[in-house]
Amino acid sequence: MPMQQGGGDDGCKDQRATGNPVRDSGAPSDSPPPFPSTESPSSEKLEHEDEQQQAGPSLPEDALVEILSRVPYRSLRRFKCVSKPWLALCSATDIRRRSPQTLSGFFHFGVDGLMFHNLSGRGPPMVDPSLPFLRRSYKRVTVEQCCSSLLLCQCAGKSCSEEYDYVVCNPATERCHLLPPIVLPDGQPHTLDPSNIFLGFDTAAPSSFLVFAPMSSYCDEFAEVAIYSSDTRRWTFVQSNWGGKTFLVGNPECVFLNGIMHMTTHHSSVATVDAEGKVWRTIEIPGVMPNRYDNAMASIGQSQGRLHAWRIDYHHDCQLYVWVLVDYESGKWSLKHTVNVLELFRMHCRKDVESYTMFAIHPECDLIFLTDGEEMTMSYDMDNQKVHVICTSEEFLGGLPYTPCFAE
Amino acid sequence: MAATTADGSKVVGGGEKSNVDEESKMITLFSSDGERFEVTQEAAAMSQTIHHMMEDGCVDDEGVHLPNVGSSILAMVIEYCNRHVASPDEKEDIRSFDAGFVNVEHHTLFDIIRAANYLDVKELMDLCCQTVADSIKSKSVEEIRELFGIVNDFTPEEEAEIRKENQWAFE
(Lines give C-alpha, C1' and ligand atoms only; values in the text may rest on other atoms or scores of the structure.)
Protein backbone atom coordinates (compact mmCIF):
# COMPACT_ATOMS: atom_id res chain seq x y z
CA MET A 1 0.00 0.00 0.00
CA PRO A 2 1.39 3.41 -0.82
CA MET A 3 2.20 5.98 1.70
CA GLN A 4 0.04 6.62 4.68
CA GLN A 5 -2.08 9.51 3.74
CA GLY A 6 -3.46 10.52 7.05
CA GLY A 7 -0.30 10.91 8.94
CA GLY A 8 1.54 13.37 6.89
CA ASP A 9 -0.47 16.49 7.09
CA ASP A 10 0.47 17.90 10.42
CA GLY A 11 2.99 20.25 8.95
CA CYS A 12 0.96 21.47 6.07
CA LYS A 13 -2.57 21.51 7.36
CA ASP A 14 -2.61 25.13 8.24
CA GLN A 15 -0.78 26.22 5.22
CA ARG A 16 -3.50 26.29 2.66
CA ALA A 17 -3.87 29.82 1.50
CA THR A 18 -7.40 30.94 1.09
CA GLY A 19 -8.39 31.50 -2.43
CA ASN A 20 -6.01 29.05 -3.92
CA PRO A 21 -7.45 25.96 -5.41
CA VAL A 22 -6.82 22.87 -3.39
CA ARG A 23 -4.24 21.30 -5.53
CA ASP A 24 -4.27 17.73 -4.58
CA SER A 25 -7.65 17.09 -6.05
CA GLY A 26 -7.94 19.86 -8.56
CA ALA A 27 -6.80 18.32 -11.77
CA PRO A 28 -7.77 20.08 -14.96
CA SER A 29 -9.88 17.22 -16.11
CA ASP A 30 -11.84 14.67 -14.17
CA SER A 31 -8.81 12.75 -13.39
CA PRO A 32 -8.55 9.77 -11.11
CA PRO A 33 -7.37 10.21 -7.50
CA PRO A 34 -4.14 12.14 -7.13
CA PHE A 35 -1.94 9.23 -6.30
CA PRO A 36 -0.63 7.67 -9.46
CA SER A 37 0.44 4.73 -7.39
CA THR A 38 -3.09 3.78 -6.49
CA GLU A 39 -3.93 3.02 -10.06
CA SER A 40 -3.37 -0.07 -12.08
CA PRO A 41 -0.06 -1.44 -10.97
CA SER A 42 0.79 -2.54 -14.46
CA SER A 43 1.12 1.03 -15.58
CA GLU A 44 3.76 1.32 -12.94
CA LYS A 45 6.18 -0.93 -14.76
CA LEU A 46 9.31 1.11 -14.71
CA GLU A 47 11.34 1.34 -17.82
CA HIS A 48 13.97 3.54 -16.35
CA GLU A 49 16.36 1.62 -14.21
CA ASP A 50 17.35 4.55 -12.05
CA GLU A 51 13.84 5.47 -10.96
CA GLN A 52 12.68 4.34 -7.56
CA GLN A 53 9.47 2.37 -7.28
CA GLN A 54 6.65 4.88 -7.05
CA ALA A 55 4.43 2.70 -4.97
CA GLY A 56 6.72 2.76 -1.95
CA PRO A 57 6.07 5.25 0.78
CA SER A 58 9.59 6.55 0.81
CA LEU A 59 11.02 9.16 -1.45
CA PRO A 60 13.92 8.24 -3.71
CA GLU A 61 17.25 8.63 -1.99
CA ASP A 62 18.28 11.50 -4.28
CA ALA A 63 15.31 13.47 -3.08
CA LEU A 64 15.98 12.64 0.57
CA VAL A 65 19.56 13.82 0.18
CA GLU A 66 18.35 17.11 -1.28
CA ILE A 67 15.90 17.60 1.53
CA LEU A 68 18.26 16.66 4.34
CA SER A 69 21.03 18.86 2.97
CA ARG A 70 18.77 21.82 3.59
CA VAL A 71 17.83 20.85 7.12
CA PRO A 72 19.74 22.63 9.89
CA TYR A 73 22.49 20.59 11.45
CA ARG A 74 20.76 20.30 14.79
CA SER A 75 17.71 18.69 13.19
CA LEU A 76 19.98 16.41 11.21
CA ARG A 77 21.50 15.08 14.41
CA ARG A 78 18.04 14.46 15.83
CA PHE A 79 16.88 12.66 12.71
CA LYS A 80 19.62 10.09 13.13
CA CYS A 81 17.17 8.28 15.41
CA VAL A 82 14.51 7.88 12.77
CA SER A 83 15.78 4.68 11.21
CA LYS A 84 18.97 2.96 10.14
CA PRO A 85 18.88 4.32 6.57
CA TRP A 86 18.31 7.79 7.99
CA LEU A 87 21.18 7.34 10.44
CA ALA A 88 23.45 6.70 7.48
CA LEU A 89 22.08 9.65 5.54
CA CYS A 90 22.27 12.08 8.42
CA SER A 91 25.87 11.08 9.06
CA ALA A 92 26.90 11.40 5.44
CA THR A 93 29.71 13.92 5.02
CA ASP A 94 28.35 15.65 1.98
CA ILE A 95 24.98 16.26 3.57
CA ARG A 96 26.56 17.46 6.77
CA ARG A 97 28.76 19.81 4.85
CA ARG A 98 25.82 21.46 3.13
CA SER A 99 23.57 21.50 6.15
CA PRO A 100 23.04 25.06 7.33
CA GLN A 101 24.86 25.74 10.53
CA THR A 102 24.00 28.19 13.19
CA LEU A 103 25.17 29.26 16.59
CA SER A 104 25.21 26.17 18.71
CA GLY A 105 26.71 27.33 21.96
CA PHE A 106 29.58 28.98 23.76
CA PHE A 107 33.10 28.03 24.76
CA HIS A 108 33.92 29.28 28.21
CA PHE A 109 36.23 28.66 31.11
CA GLY A 110 35.21 26.90 34.24
CA VAL A 111 36.91 25.27 37.17
CA ASP A 112 37.72 22.28 35.06
CA GLY A 113 39.18 24.26 32.24
CA LEU A 114 37.58 24.81 28.88
CA MET A 115 33.92 24.01 28.72
CA PHE A 116 31.13 24.22 26.20
CA HIS A 117 27.62 25.37 26.95
CA ASN A 118 24.85 24.53 24.50
CA LEU A 119 22.70 27.34 23.22
CA SER A 120 19.60 25.78 24.67
CA GLY A 121 21.26 25.61 28.03
CA ARG A 122 20.51 21.94 28.40
CA GLY A 123 22.04 18.63 27.69
CA PRO A 124 25.59 17.44 27.29
CA PRO A 125 27.80 19.68 25.15
CA MET A 126 27.44 19.15 21.45
CA VAL A 127 31.15 19.61 20.97
CA ASP A 128 33.83 18.14 23.20
CA PRO A 129 35.52 21.09 24.86
CA SER A 130 38.48 19.05 25.96
CA LEU A 131 39.60 19.15 22.31
CA PRO A 132 41.02 15.64 22.50
CA PHE A 133 42.64 15.89 19.11
CA LEU A 134 44.83 18.70 20.45
CA ARG A 135 45.49 17.06 23.77
CA ARG A 136 47.19 14.20 21.99
CA SER A 137 50.01 16.56 21.19
CA TYR A 138 49.90 19.16 23.95
CA LYS A 139 49.58 19.00 27.68
CA ARG A 140 48.10 22.43 28.15
CA VAL A 141 45.65 24.09 25.84
CA THR A 142 44.12 27.53 26.35
CA VAL A 143 41.52 28.85 23.95
CA GLU A 144 42.29 32.50 23.30
CA GLN A 145 39.60 33.21 20.80
CA CYS A 146 36.75 31.66 18.89
CA CYS A 147 35.96 33.19 15.55
CA SER A 148 32.70 31.66 14.40
CA SER A 149 33.90 28.10 13.78
CA LEU A 150 37.61 28.16 14.47
CA LEU A 151 39.52 28.35 17.71
CA LEU A 152 42.82 30.05 18.30
CA CYS A 153 44.61 28.07 20.97
CA GLN A 154 47.75 28.64 22.92
CA CYS A 155 49.30 25.26 23.44
CA ALA A 156 52.14 24.13 25.61
CA GLY A 157 53.84 21.06 26.89
CA LYS A 158 54.70 19.41 23.62
CA SER A 159 58.34 19.06 24.28
CA CYS A 160 60.69 20.17 27.00
CA SER A 161 60.52 23.65 25.62
CA GLU A 162 58.41 26.09 27.54
CA GLU A 163 57.49 27.97 24.47
CA TYR A 164 53.99 28.22 23.26
CA ASP A 165 52.60 27.00 20.01
CA TYR A 166 49.66 28.80 18.53
CA VAL A 167 47.26 26.48 16.79
CA VAL A 168 44.13 27.35 14.85
CA CYS A 169 41.76 24.44 14.93
CA ASN A 170 38.29 23.45 13.83
CA PRO A 171 36.61 21.38 16.54
CA ALA A 172 34.07 19.99 14.10
CA THR A 173 36.56 18.56 11.61
CA GLU A 174 39.46 18.28 14.09
CA ARG A 175 41.76 19.92 11.60
CA CYS A 176 44.62 21.89 13.10
CA HIS A 177 46.92 24.48 11.70
CA LEU A 178 50.07 25.39 13.55
CA LEU A 179 51.04 29.01 13.17
CA PRO A 180 54.71 29.43 12.29
CA PRO A 181 56.69 31.64 14.63
CA ILE A 182 57.03 35.26 13.67
CA VAL A 183 60.45 36.17 12.41
CA LEU A 184 60.87 39.85 11.76
CA PRO A 185 62.51 41.12 8.59
CA ASP A 186 65.67 41.80 10.54
CA GLY A 187 65.82 38.18 11.60
CA GLN A 188 64.67 38.71 15.15
CA PRO A 189 61.97 36.43 16.48
CA HIS A 190 58.90 38.05 17.84
CA THR A 191 56.97 36.49 20.65
CA LEU A 192 53.29 36.58 20.07
CA ASP A 193 51.25 38.35 22.68
CA PRO A 194 48.19 36.17 23.23
CA SER A 195 45.97 39.12 24.05
CA ASN A 196 46.84 40.78 20.78
CA ILE A 197 46.26 38.04 18.27
CA PHE A 198 43.07 38.27 16.27
CA LEU A 199 41.71 35.36 14.30
CA GLY A 200 39.67 36.06 11.21
CA PHE A 201 37.46 33.40 9.67
CA ASP A 202 34.43 33.61 7.44
CA THR A 203 32.18 30.63 6.81
CA ALA A 204 31.65 32.00 3.32
CA ALA A 205 35.30 31.17 2.58
CA PRO A 206 35.85 28.21 4.85
CA SER A 207 39.06 26.90 3.43
CA SER A 208 41.22 29.72 4.74
CA PHE A 209 41.68 32.07 7.66
CA LEU A 210 43.76 35.06 8.66
CA VAL A 211 45.52 36.02 11.83
CA PHE A 212 46.32 39.63 12.68
CA ALA A 213 49.01 40.29 15.24
CA PRO A 214 49.57 43.97 16.00
CA MET A 215 53.05 44.30 17.34
CA SER A 216 53.37 46.88 20.00
CA SER A 217 56.58 48.74 20.15
CA TYR A 218 55.95 51.04 23.03
CA CYS A 219 53.04 51.60 25.37
CA ASP A 220 50.59 49.66 23.26
CA GLU A 221 51.27 51.75 20.23
CA PHE A 222 51.14 49.47 17.30
CA ALA A 223 53.68 50.46 14.74
CA GLU A 224 53.39 47.27 12.79
CA VAL A 225 50.91 44.55 12.22
CA ALA A 226 51.89 41.04 11.23
CA ILE A 227 49.28 39.33 9.10
CA TYR A 228 49.19 35.59 8.61
CA SER A 229 47.36 33.91 5.79
CA SER A 230 46.60 30.21 5.94
CA ASP A 231 46.77 30.14 2.16
CA THR A 232 50.34 31.37 1.90
CA ARG A 233 51.34 30.01 5.31
CA ARG A 234 53.40 33.13 5.81
CA TRP A 235 53.43 36.19 7.96
CA THR A 236 53.66 39.52 6.21
CA PHE A 237 54.45 42.79 7.94
CA VAL A 238 52.76 46.09 7.35
CA GLN A 239 53.15 49.46 8.92
CA SER A 240 50.08 50.38 10.84
CA ASN A 241 48.28 53.41 9.65
CA TRP A 242 45.47 54.12 12.01
CA GLY A 243 46.58 57.66 12.46
CA GLY A 244 47.10 58.14 16.12
CA LYS A 245 47.30 56.10 19.26
CA THR A 246 45.26 52.98 19.04
CA PHE A 247 44.86 51.19 22.32
CA LEU A 248 43.30 47.94 21.42
CA VAL A 249 41.20 46.18 24.00
CA GLY A 250 42.55 42.89 22.80
CA ASN A 251 41.01 39.62 21.80
CA PRO A 252 38.29 38.47 21.77
CA GLU A 253 37.01 41.99 21.27
CA CYS A 254 37.05 41.78 17.50
CA VAL A 255 34.90 41.03 14.49
CA PHE A 256 35.99 39.69 11.14
CA LEU A 257 33.55 40.86 8.50
CA ASN A 258 33.84 41.07 4.73
CA GLY A 259 37.53 40.29 4.85
CA ILE A 260 38.27 43.09 7.30
CA MET A 261 39.37 42.74 10.89
CA HIS A 262 37.65 45.09 13.31
CA MET A 263 39.05 45.58 16.79
CA THR A 264 37.69 47.69 19.62
CA THR A 265 39.90 50.27 21.22
CA HIS A 266 39.90 51.71 24.69
CA HIS A 267 38.62 54.99 23.36
CA SER A 268 35.29 53.88 21.97
CA SER A 269 36.24 53.26 18.44
CA VAL A 270 36.74 50.37 16.10
CA ALA A 271 40.11 50.06 14.39
CA THR A 272 39.93 48.17 11.12
CA VAL A 273 42.47 46.67 8.79
CA ASP A 274 42.03 44.55 5.68
CA ALA A 275 43.75 41.31 4.74
CA GLU A 276 46.50 43.02 2.79
CA GLY A 277 47.16 45.70 5.33
CA LYS A 278 46.32 48.41 2.87
CA VAL A 279 43.13 49.92 4.21
CA TRP A 280 43.17 51.35 7.72
CA ARG A 281 40.17 52.94 9.35
CA THR A 282 38.87 54.06 12.65
CA ILE A 283 35.14 54.07 13.20
CA GLU A 284 33.73 55.89 16.20
CA ILE A 285 31.23 53.98 18.29
CA PRO A 286 28.24 56.02 19.48
CA GLY A 287 28.31 57.01 23.11
CA VAL A 288 25.60 57.67 25.61
CA MET A 289 27.47 60.00 27.88
CA PRO A 290 28.36 63.48 26.66
CA ASN A 291 31.92 63.09 27.77
CA ARG A 292 33.47 60.32 25.74
CA TYR A 293 35.61 59.16 28.57
CA ASP A 294 32.68 58.48 30.85
CA ASN A 295 31.27 55.88 28.58
CA ALA A 296 31.63 52.31 29.59
CA MET A 297 33.55 50.22 27.17
CA ALA A 298 31.75 49.16 24.09
CA SER A 299 31.78 45.69 22.61
CA ILE A 300 31.28 44.69 19.01
CA GLY A 301 29.85 41.73 17.23
CA GLN A 302 28.38 40.77 13.94
CA SER A 303 24.84 39.82 13.16
CA GLN A 304 23.13 39.29 9.84
CA GLY A 305 26.13 40.55 7.95
CA ARG A 306 26.38 43.83 9.83
CA LEU A 307 28.66 45.21 12.48
CA HIS A 308 26.93 45.82 15.79
CA ALA A 309 28.14 47.61 18.87
CA TRP A 310 26.71 47.73 22.35
CA ARG A 311 27.20 49.43 25.67
CA ILE A 312 25.58 49.31 29.06
CA ASP A 313 25.22 52.68 30.74
CA TYR A 314 26.05 51.77 34.30
CA HIS A 315 25.63 55.31 35.56
CA HIS A 316 21.98 55.39 34.68
CA ASP A 317 20.17 52.30 35.77
CA CYS A 318 21.94 49.88 33.59
CA GLN A 319 20.42 50.75 30.25
CA LEU A 320 21.69 48.68 27.33
CA TYR A 321 22.11 50.24 23.93
CA VAL A 322 22.64 48.19 20.79
CA TRP A 323 23.65 49.92 17.58
CA VAL A 324 24.04 48.61 14.08
CA LEU A 325 26.38 50.10 11.51
CA VAL A 326 24.00 50.93 8.72
CA ASP A 327 26.37 52.73 6.41
CA TYR A 328 29.78 51.13 6.42
CA GLU A 329 31.46 53.72 4.26
CA SER A 330 30.44 56.73 6.26
CA GLY A 331 30.50 55.02 9.65
CA LYS A 332 26.89 55.86 10.39
CA TRP A 333 25.22 53.85 13.14
CA SER A 334 21.59 53.42 13.98
CA LEU A 335 20.24 52.62 17.43
CA LYS A 336 18.75 49.21 17.00
CA HIS A 337 17.40 48.57 20.46
CA THR A 338 17.57 49.73 24.02
CA VAL A 339 16.44 47.92 27.12
CA ASN A 340 16.94 48.15 30.84
CA VAL A 341 19.14 45.28 31.94
CA LEU A 342 18.08 45.36 35.58
CA GLU A 343 14.47 44.97 34.54
CA LEU A 344 15.38 42.06 32.31
CA PHE A 345 16.96 40.32 35.24
CA ARG A 346 14.12 41.41 37.49
CA MET A 347 16.41 43.26 39.81
CA HIS A 348 15.43 46.53 41.35
CA CYS A 349 18.80 47.55 42.47
CA ARG A 350 22.06 45.90 42.32
CA LYS A 351 25.27 46.73 44.00
CA ASP A 352 27.67 45.67 41.33
CA VAL A 353 25.94 46.89 38.26
CA GLU A 354 29.10 46.51 36.29
CA SER A 355 28.89 42.76 36.56
CA TYR A 356 26.00 42.84 34.11
CA THR A 357 27.30 42.36 30.61
CA MET A 358 26.06 41.54 27.16
CA PHE A 359 28.57 39.08 25.84
CA ALA A 360 27.30 38.09 22.42
CA ILE A 361 24.88 38.69 19.62
CA HIS A 362 23.49 35.89 17.49
CA PRO A 363 25.07 35.85 14.01
CA GLU A 364 21.79 35.26 12.24
CA CYS A 365 19.02 36.89 14.20
CA ASP A 366 18.20 39.61 16.70
CA LEU A 367 19.01 37.55 19.75
CA ILE A 368 21.45 38.90 22.31
CA PHE A 369 23.05 37.20 25.29
CA LEU A 370 23.45 38.70 28.73
CA THR A 371 24.71 37.68 32.13
CA ASP A 372 24.50 39.13 35.59
CA GLY A 373 28.00 37.89 36.21
CA GLU A 374 26.94 35.88 39.20
CA GLU A 375 24.25 33.32 38.67
CA MET A 376 22.11 33.98 35.66
CA THR A 377 22.64 34.00 31.93
CA MET A 378 19.95 34.57 29.36
CA SER A 379 19.12 35.27 25.77
CA TYR A 380 16.89 38.18 24.86
CA ASP A 381 15.07 38.56 21.57
CA MET A 382 15.15 42.19 20.45
CA ASP A 383 12.24 41.58 18.10
CA ASN A 384 9.68 40.33 20.56
CA GLN A 385 11.34 41.09 23.90
CA LYS A 386 11.25 37.44 24.89
CA VAL A 387 13.68 36.24 27.50
CA HIS A 388 15.03 32.71 27.66
CA VAL A 389 17.14 31.68 30.60
CA ILE A 390 20.16 29.67 29.59
CA CYS A 391 21.85 29.09 32.92
CA THR A 392 21.02 29.73 36.55
CA SER A 393 24.34 29.05 38.16
CA GLU A 394 27.82 30.40 38.17
CA GLU A 395 28.75 27.55 35.90
CA PHE A 396 28.22 29.55 32.76
CA LEU A 397 28.48 33.31 32.79
CA GLY A 398 29.07 33.99 29.14
CA GLY A 399 31.59 32.81 26.63
CA LEU A 400 32.70 32.73 23.03
CA PRO A 401 29.94 32.03 20.49
CA TYR A 402 30.59 29.00 18.29
CA THR A 403 29.02 27.92 15.00
CA PRO A 404 30.18 24.55 13.68
CA CYS A 405 31.56 24.34 10.17
CA PHE A 406 32.17 21.07 8.41
CA ALA A 407 33.41 22.46 5.14
CA GLU A 408 36.96 21.51 4.37
CA MET B 1 15.81 27.66 -22.37
CA ALA B 2 15.12 26.94 -26.00
CA ALA B 3 14.97 23.33 -26.92
CA THR B 4 17.83 22.35 -29.10
CA THR B 5 16.06 19.44 -30.56
CA ALA B 6 16.53 17.57 -33.70
CA ASP B 7 14.12 19.83 -35.51
CA GLY B 8 12.57 17.81 -38.21
CA SER B 9 15.51 15.53 -38.67
CA LYS B 10 14.03 12.77 -36.61
CA VAL B 11 10.44 13.29 -37.39
CA VAL B 12 9.18 10.10 -38.80
CA GLY B 13 7.66 10.50 -42.16
CA GLY B 14 3.96 11.05 -42.52
CA GLY B 15 3.48 14.53 -41.21
CA GLU B 16 -0.11 14.48 -40.01
CA LYS B 17 0.69 12.52 -36.92
CA SER B 18 3.86 14.39 -36.20
CA ASN B 19 4.09 15.46 -32.65
CA VAL B 20 6.45 18.25 -33.50
CA ASP B 21 4.46 21.18 -34.70
CA GLU B 22 6.97 23.26 -36.58
CA GLU B 23 5.06 26.44 -35.98
CA SER B 24 4.79 26.46 -32.24
CA LYS B 25 7.17 23.65 -31.40
CA MET B 26 4.85 21.66 -29.24
CA ILE B 27 5.46 18.28 -27.76
CA THR B 28 2.97 15.78 -26.41
CA LEU B 29 3.37 14.18 -23.03
CA PHE B 30 1.38 11.24 -21.75
CA SER B 31 0.83 10.68 -18.09
CA SER B 32 0.78 7.25 -16.49
CA ASP B 33 -3.00 7.20 -16.69
CA GLY B 34 -2.96 7.93 -20.36
CA GLU B 35 -3.87 11.58 -20.31
CA ARG B 36 -2.39 13.75 -23.01
CA PHE B 37 -0.70 17.09 -22.47
CA GLU B 38 0.56 19.48 -25.08
CA VAL B 39 3.45 21.62 -24.03
CA THR B 40 5.92 23.85 -25.75
CA GLN B 41 9.32 22.31 -26.28
CA GLU B 42 10.78 25.13 -24.30
CA ALA B 43 8.74 24.28 -21.24
CA ALA B 44 9.32 20.58 -21.71
CA ALA B 45 13.06 21.18 -21.90
CA MET B 46 13.05 22.33 -18.29
CA SER B 47 12.93 18.61 -17.66
CA GLN B 48 16.45 17.41 -18.35
CA THR B 49 15.06 13.94 -18.87
CA ILE B 50 12.77 15.07 -21.66
CA HIS B 51 15.40 17.48 -22.96
CA HIS B 52 17.87 14.65 -23.44
CA MET B 53 15.23 12.49 -25.04
CA MET B 54 14.46 15.26 -27.51
CA GLU B 55 18.14 15.76 -28.21
CA ASP B 56 18.80 12.10 -28.69
CA GLY B 57 15.86 11.82 -31.01
CA CYS B 58 14.01 9.39 -28.79
CA VAL B 59 10.75 11.22 -29.14
CA ASP B 60 8.54 9.30 -31.47
CA ASP B 61 5.37 10.10 -33.36
CA GLU B 62 3.15 9.97 -30.42
CA GLY B 63 5.12 11.93 -27.89
CA VAL B 64 6.71 11.10 -24.61
CA HIS B 65 5.21 8.55 -22.28
CA LEU B 66 5.77 9.16 -18.62
CA PRO B 67 4.70 6.00 -16.86
CA ASN B 68 5.85 7.33 -13.52
CA VAL B 69 3.84 10.49 -13.42
CA GLY B 70 0.11 10.70 -12.92
CA SER B 71 -1.98 13.29 -14.72
CA SER B 72 -2.75 15.60 -11.83
CA ILE B 73 0.90 15.83 -10.83
CA LEU B 74 2.04 16.15 -14.41
CA ALA B 75 -0.41 18.99 -14.85
CA MET B 76 1.17 20.77 -11.92
CA VAL B 77 4.69 20.23 -13.15
CA ILE B 78 3.69 21.57 -16.53
CA GLU B 79 2.09 24.58 -14.92
CA TYR B 80 5.35 25.22 -13.08
CA CYS B 81 7.45 24.92 -16.20
CA ASN B 82 5.13 27.05 -18.26
CA ARG B 83 5.20 29.76 -15.65
CA HIS B 84 8.96 29.70 -15.34
CA VAL B 85 9.72 29.88 -19.05
CA ALA B 86 7.09 32.55 -19.60
CA SER B 87 8.64 35.29 -17.51
CA PRO B 88 11.90 34.12 -16.01
CA ASP B 89 12.98 37.62 -15.11
CA GLU B 90 10.04 38.75 -13.09
CA LYS B 91 11.48 37.72 -9.75
CA GLU B 92 8.67 38.99 -7.54
CA ASP B 93 5.93 37.34 -9.58
CA ILE B 94 7.80 34.09 -9.76
CA ARG B 95 8.46 34.15 -6.03
CA SER B 96 4.82 34.54 -5.19
CA PHE B 97 3.86 31.94 -7.76
CA ASP B 98 6.34 29.49 -6.22
CA ALA B 99 5.04 30.19 -2.73
CA GLY B 100 1.51 29.42 -3.81
CA PHE B 101 2.64 26.43 -5.80
CA VAL B 102 4.15 24.61 -2.84
CA ASN B 103 1.30 25.47 -0.56
CA VAL B 104 -0.09 21.97 -0.75
CA GLU B 105 -0.36 18.92 1.43
CA HIS B 106 2.73 16.89 2.11
CA HIS B 107 1.72 13.90 0.07
CA THR B 108 1.19 16.06 -2.97
CA LEU B 109 4.51 17.73 -2.41
CA PHE B 110 6.14 14.32 -2.24
CA ASP B 111 4.48 13.33 -5.49
CA ILE B 112 5.77 16.49 -7.12
CA ILE B 113 9.23 15.74 -5.78
CA ARG B 114 9.11 12.24 -7.20
CA ALA B 115 8.01 13.60 -10.55
CA ALA B 116 10.57 16.41 -10.52
CA ASN B 117 13.26 13.93 -9.60
CA TYR B 118 12.29 11.56 -12.38
CA LEU B 119 11.88 14.36 -14.89
CA ASP B 120 15.00 16.06 -13.55
CA VAL B 121 13.60 19.56 -13.20
CA LYS B 122 16.25 21.06 -10.97
CA GLU B 123 14.53 24.31 -10.03
CA LEU B 124 11.37 22.50 -9.05
CA MET B 125 13.36 19.99 -7.02
CA ASP B 126 15.18 22.78 -5.20
CA LEU B 127 11.95 24.59 -4.47
CA CYS B 128 10.10 21.55 -3.18
CA CYS B 129 12.99 20.10 -1.22
CA GLN B 130 13.59 23.43 0.48
CA THR B 131 9.91 23.59 1.33
CA VAL B 132 9.94 20.12 2.84
CA ALA B 133 13.19 20.85 4.70
CA ASP B 134 11.67 23.99 6.21
CA SER B 135 8.57 22.17 7.31
CA ILE B 136 10.33 19.20 8.87
CA LYS B 137 13.22 20.87 10.65
CA SER B 138 11.35 21.27 13.91
CA LYS B 139 9.65 17.92 13.84
CA SER B 140 10.20 15.19 16.34
CA VAL B 141 11.55 11.79 15.39
CA GLU B 142 8.09 10.25 15.68
CA GLU B 143 6.55 12.90 13.48
CA ILE B 144 9.19 12.30 10.85
CA ARG B 145 8.50 8.58 10.80
CA GLU B 146 4.82 9.20 10.43
CA LEU B 147 5.29 11.74 7.69
CA PHE B 148 7.62 9.65 5.57
CA GLY B 149 5.99 6.35 6.38
CA ILE B 150 9.14 5.00 7.95
CA VAL B 151 9.28 1.96 10.17
CA ASN B 152 11.64 2.22 13.09
CA ASP B 153 14.19 -0.53 12.58
CA PHE B 154 16.23 0.18 15.69
CA THR B 155 16.00 -1.90 18.79
CA PRO B 156 15.03 0.14 21.86
CA GLU B 157 18.62 -0.11 23.08
CA GLU B 158 20.06 1.08 19.80
CA GLU B 159 17.71 4.00 19.65
CA ALA B 160 18.43 5.00 23.23
CA GLU B 161 22.14 4.96 22.46
CA ILE B 162 21.76 7.27 19.48
CA ARG B 163 19.50 9.59 21.38
CA LYS B 164 22.07 9.82 24.12
CA GLU B 165 24.87 10.64 21.71
CA ASN B 166 22.82 13.39 20.17
CA GLN B 167 20.97 14.55 23.21
CA TRP B 168 21.77 18.20 22.67
CA ALA B 169 19.72 18.08 19.50
CA PHE B 170 16.65 17.06 21.43
CA GLU B 171 16.79 19.80 24.01
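Glu142(B) counts as partly exposed, with a relative accessibility of 42%; here buried means under 20% relative accessible area, exposed over 50%, and partly exposed in between, computed with a 1.4 Å probe on protein chains only. This is a predicted model, in which local features need pLDDT of at least 70, side-chain atom pairs count only at pLDDT 80 or more, and totals for chains, interfaces and linings use all residues. Residues are numbered from 1 along each chain as its sequence is written, chains are lettered from A and ligands numbered from 1 in the order in which they are written, and side-chain values use heavy atoms, with hydrogens and water left out.

Glu142(B) forms a salt bridge with Arg163(B), their closest N and O atoms lying 3.1 Å apart. The pair links distant parts of the chain, 21 residues apart: Glu142(B) is in helix α7 (residues 141–148) of chain B and Arg163(B) in helix α8 (residues 156–165) of chain B. A salt bridge is a side-chain nitrogen of Lys or Arg within 4 Å of a carboxyl oxygen of Asp or Glu. Helices (H or I, at least four residues) and strands (E, at least two) are DSSP runs, numbered from the N terminus.

In chain A, Asp366(A) pairs with Lys336(A) in a salt bridge, with 2.8 Å between the closest N and O atoms. Asp366(A) lies in the loop between β21 (357–361) and β22 (367–371) of chain A and Lys336(A) in strand β20 (residues 332–340) of chain A, so the pair ties together parts that are 30 residues apart in sequence. Asp366(A) is buried at 13% relative accessibility.

A network of salt bridges links Glu66(A), Arg70(A), Arg98(A), Lys122(B) and Asp126(B).
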